[in-house]
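Thanks, everyone, for making the time this morning.

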Amino acid sequence: MQSHQMQPISSKELDYIADSLSNEDLLIKQCAATASSTQNPMLKQVLQQQIQLHQQNANMLIGALQQHQSLAPTQPSN
């Protein structure tokens, strides 16, 4: 079995993760706003499920960043 060594995240990958986190946050806010304004219980339930899903996605992205934190440079590269 081959051992897999983590590589540092590139700046392009960091930008992608930051964009993804921003998108997840926006989706959570939109679902929450719609859930609070709807009177339809079924729609409210679906929106609450979507909020949980997007929170899980955001947590996975944050977890990936935390796993790679020890590989991050402590000084900016020139």
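Let me begin with a single residue in this predicted model: once its neighbours within four places in sequence are set aside, I28 is in contact with I51, H54 and Q55. I28 also belongs to the largest nonpolar core, a set of five residues whose other members are C31, A35, L47 and I51. Two elements give two or more residues to this core, namely α1, which runs over 11-37, and α2, which runs over 41-68, and the largest share, three residues, is supplied by α1. As general background, nonpolar side chains in soluble globular proteins tend to be buried together.

If we take the contacts between residues at least 6 apart in sequence, 67% of them join residues that are at least 24 apart.

Turning to α2, this helix has 28 residues and reaches 41 Å from its first C-alpha to its last, which is close to the 40 Å expected at 1.5 Å a residue. Its buried residues are L47, I51, H54, A58, L61 and H68, and what they pack against is α1. Another way to look at how the chain comes back on itself is through N59, which is located in α2: N59 and L21 are 38 residues apart in sequence, and yet their C-alpha atoms are 9.0 Å apart in space. N59 itself counts as exposed because its relative accessibility is 53%, and the cut-off for exposed is over 50%.

A polar atom of the T38 side chain lies 3.1 Å from the backbone nitrogen of N40, and, leaving aside neighbours within four places in sequence, T38 is in contact with L43 and K44. N40, for its part, has a side-chain oxygen that reaches to within 2.9 Å of the backbone nitrogen of M42, at the start of α2. Taken in order, then, the side chain of T38 meets the backbone of N40, and the side chain of N40 meets the backbone of M42.

Finally, the charged groups: how many salt bridges does a search of the whole structure find? The search finds one, and it is formed by K29 with D25, the closest N and O atoms being 3.1 Å apart. Because K29 and D25 are four residues apart in helix α1, about one helical turn separates them. K29 counts as exposed, at 53% relative accessibility, whereas D25 is partly exposed, with a relative accessible area of 36%. In general terms, side chains of opposite charge can pair when their charged atoms come close.

Definitions and conventions: Residues are numbered from 1 along each chain as its sequence is written. This is a predicted model: local features need pLDDT of at least 70, side-chain atom pairs count only at pLDDT 80 or more; totals for chains, interfaces and linings use all residues. Side-chain values use heavy atoms; hydrogens and water are left out. Contact means heavy atoms within 4.5 Å. A nonpolar core is a set of buried Ala, Val, Leu, Ile, Met, Phe, Trp, Tyr and Cys residues joined through side-chain atoms within 4.5 Å. Buried means under 20% relative accessible area, exposed over 50%, partly exposed in between (1.4 Å probe, protein chains only). The expected span of a helix is 1.5 Å times one less than its number of residues. A polar contact is a pair of N or O atoms within 3.5 Å; within protein, one must be able to donate a hydrogen and the other to accept it, and residues adjacent in sequence count only if both atoms are side-chain atoms. A salt bridge is a side-chain nitrogen of Lys or Arg within 4 Å of a carboxyl oxygen of Asp or Glu.
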